[in-house]
Amino acid sequence: MTENSPREPGRRQVLKGAAVLGGLAVVGGGGALAWQLRSGDPPADGAATAGERSTLDELANAVVSGGPGKDGIPPIDDPRFAGIDDIDFLQDDDIVFGLVFGGEARAYPQPVLVWHEIVNDTFGDDHVAVTYCPLTGTTVGFTGTDERPDMTFGTTGNLINSNLLMYDRDTDSDWPQVLGTAISGTLKGQQLRPVPLVWTTWRAWRAEHPDSRVLTTDTGALRDYHRDPYGSYREQSGYYVDEGTIFPVEPTDDTFGSKEVVLGIRGGDSQLAIPRELVREEGTVDAEVGGVSVRAEWDGELDTARVSRAGSGEPADFMDAMWFSWYSFYPNTEVRR
Amino acid sequence: MSSAGLLTRALGRVGDAVDASVRAPAQVAGTLRTVLAHRAYRGLALLVGSAVLVLYLTANGDLAFSVSGRWSGTPFAQLAESGLFDTRAPYLFEPLLVLHPGAHIAVFLSPMNILLGAVVAGLVGSNIAVAAYTAKHAVACRRPGYSGIFAAAPAFLLGFACCVPTFLLAIGSGVAATLTPILVPLRPIFYPLTLVLLGAVLVWTVRRSRAMTSAT
């Protein structure tokens with residue numbers, strides 16, 4: 001041995017090193033196995049190819065985490081309302097989602113819903129879950145299913161094609177907001193009953209419905225309701241106008257700009273997308289969707305579009321949606337240009 | 001040297017590292033006692049730690065500032081109905097109280113978020129204090145740097161806006177779509193990773209300090 005030869009390790013040190021590495025291998029291997037079991041099957045590369053609608057299982061495999069835990073985006077379970085004159089946190093051009101149900105008008109401000117996404121509300125004996133997904137620009141109400149009209153919902157913290165994935169508190173089944181069909185759980189395949197809301201401004205709504213009740217910021221949770229973290233509809237900035245999405249979406253289509261707002265209409269097994277701006281320009285657009293005759297009309301008072309069944313005048317099954325979102329769930333949708 | 005000899009030596013090195021790790025807490029505690037006994041370094045640690053805590057709470061949204069004064073007319077204090085341990089996301093808790101000391105600032109108070117931030121702040125402050133002490137008292141020409149504090153970086157990525165990590169919103173949707181499949185699943189480890197990294201940096205800083213000064 002030369003003067004510069006390294007010291008040979010003692011037996012105790014060697015055994016200590018072997019024990020540590022062995023323990024790390026066991027822990028690491030067990031952790032990897034647990035992660036694999038917890039994650040289940042790897043997600044599909046895409047929910048569907050262009051022109052083919054996804055199966056429920058394909059959609060379930062395309063679920064991704066948005067980051068928050070279950071109800072980390074807290075639904076409003078005890079909504080508190082005030083009269084028009086008692087609301088002081090809204091500006092004229094702020095977006096509100098309006099609903100007239102059972103003869104009563106209520107407004108759900110987008111600055112509040114952007115932080116909560118779900119309001120489990122009641123109109124008399126009727127339960128209406130008012131939902132909003134900021135990433136897909138969709139708002140729709142649900143009155144449960146035919147068998148379970150009193151359902152309430154929470155947020156899973158997960159997304160599918162950037163869309164809010166809800167869960168019902170009765171059975172813990174998962175429901176994408178745009179689809180309204182359970183993709184997993186006991187109620188898989190069942191369809192929620194949609195109730196359309198109108199997308200309008202605070203100025204227009206209070207002029208049209210001066211007796212309306214308005215959801216307040218007294219939600220039980222503390223949030224910065226004066227700030228929209230995604231951007232601004234008032235100033236047309238941020239995520240709401242950028243072409244890109246934050247989470248992966250498949251399939252995609254460039255018929256319209258990704259964030260262009262369309263009226264997504266469902267009838268039977270068919271779907272139709274009409275650009276909102278087209279309805280504004282034309283005033284009235286008549287169409288047939290799955291054998292159902294519908295009429296899209298521009299409401300100049302509320303500065304919004306409504307879709308109704310041509311014969312009865314009853315609201316059709318429709319929602320405002322960003323084009324990318326509507327197409328991702330309904331890649332075989334027809335379009336009106 | 002034979003393969004067996006190399007393996008034996010490698011395992012011995014691991015064993016030495018285990019011994020060093022066992023000794024590390026006592027060494028860190030001893031060095032910190034020495035360093036923080038000096039008012040100047042104690043003040044430096046508090047100053048740096050306070051700045052880190054403010055940055056941490058700002059990054060996760062518990063401290064918010066508005067140039068335009070958007071909280072004008074808002075009540076000074078509002079209580080939540082949340083519980084102390086209600087979470088929004090891993091290592092991010094619901095605030096119990098919000099204070100508006102003026103129209104330009106909002107302070108969302110979550111004792112758990114403050115505690116988590118204080119741990120990070122304490123580790124960074126300790127790192128800086130020991131590094132500064134070593135720089136002052138080092139007998140060798142080479143002085144230790146402060147770059148180890150960047151180990152705190154993952155802890156500043158915990159903020160959430162609704163269902164989107166705020167740092168991804170800051171990046172922009174185009175780049176974010178590429179990063180989200182990678183970063184969002186990793187988010188739950190950001191905080192513990194920060195503690196491990198800062199702890200390792202502190203041990204390394206203490207060792208260098210002991211080697212370069214008369215600190216005990």
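# Walking through chains A and B

User: How much of chain A is buried in this model?
Analyst: Keep in mind that we're looking at a predicted model. Chain A has 337 residues, and its secondary structure comes to six helices and 22 strands. Of those 337 residues, the buried share is 53%.

User: What does the C-alpha trace of chain A span along its principal axes?
Analyst: Among contacts in chain A between residues at least 6 apart in sequence, 62% join residues at least 24 apart. As for the C-alpha trace, its span along the principal axes is about 100 × 45 × 40 Å.

User: Which strands stand at the edges of the open five-stranded sheet in chain A?
Analyst: The strand order in that sheet is 2-13-4-3-12, with mixed pairing.

User: Is strand 16 of chain A mostly covered or mostly exposed?
Analyst: Strand 16 of chain A pairs with strand 21 (residues 317-322) of chain A, antiparallel, over six bridges. Strand 17 (residues 270-275) of chain A also pairs with strand 16 of chain A in the antiparallel sense, again over six bridges. Six of the seven residues in strand 16 are buried, making the strand mostly covered.

User: Which residue in the turn between strands 16 and 17 of chain A has a positive phi?
Analyst: Those two strands form a hairpin with two residues between them. The phi in question is about 60°, and the turn residue that has it is Gly268(A).

User: Where does Asp172(A) lie, and how accessible is it?
Analyst: Most residues other than glycine have a negative phi. Asp172(A) isn't a glycine, yet its phi is positive, at about 65°. You'll find Asp172(A) in the loop between strand 9 (163-168) and strand 10 (174-176) of chain A. It counts as partly exposed because its relative accessibility is 41%.

User: What phi does Gln236(A) have?
Analyst: Gln236(A) lies in the loop between strand 14 (231-232) and strand 15 of chain A. It isn't a glycine, but its phi is positive, at about 50°.

User: Which peptide bond is cis in the loop that holds Pro251(A)?
Analyst: Most peptide bonds are trans. Pro251(A) lies in the loop between strand 15 (237-238) and strand 16 (261-267) of chain A. With omega near -10°, the cis bond runs from Glu250(A) to Pro251(A).

User: Over in chain B, how do helix 3 and helix 6 pack?
Analyst: Helix 3 (residues 111-137) and helix 6 (residues 190-212) of chain B have axes 9 Å apart and an angle of about 20°. Angles under 35 degrees count as roughly parallel, so helix 3 of chain B is roughly parallel to helix 6 of chain B. The contact includes Leu116(B) and Val120(B) from helix 3 of chain B, and Leu195(B) and Leu198(B) from helix 6 of chain B. By class, its residues are 15 nonpolar, seven polar and no charged.

User: What is the handedness of the crossing of helix 2 and helix 3 of chain B?
Analyst: Helix 2 (residues 39-59) and helix 3 of chain B pack at about 145°, with axes 7 Å apart. Their contact has 18 nonpolar, five polar and one charged residues. The crossing of helix 2 and helix 3 of chain B is right-handed.

User: Is Leu109(B) buried, partly exposed or exposed?
Analyst: Leu109(B) lies in strand 6 (residues 105-109) of chain B. Leaving aside neighbours within four places in sequence, its contacts include Pro95(B), Leu97(B) and Ile114(B). With a relative accessible area of 27%, Leu109(B) is partly exposed.

Key:
Residues numbered from 1 in each chain as written. Chains lettered and ligands numbered in written order. Predicted model: local features only at pLDDT ≥ 70, side-chain atom pairs only at ≥ 80, totals over all residues. Heavy atoms only, no water. Axes fitted to C-alpha atoms, helices over the stretch in contact; angles between N-to-C directions. Helix = DSSP H or I, 4+ residues; strand = E, 2+ residues; numbered from the N terminus. Parallel < 35°, antiparallel > 145°, perpendicular 65-115°, else oblique. Contact = heavy atoms within 4.5 Å. Nonpolar A, V, L, I, M, F, W, Y, C, P; charged D, E, K, R; others polar. Pairing = 2+ DSSP bridges. Buried < 20%, exposed > 50% of the residue type's maximum accessible area, 1.4 Å probe, protein only. Left-handed = near helix turned anticlockwise from the far one by under 90°.
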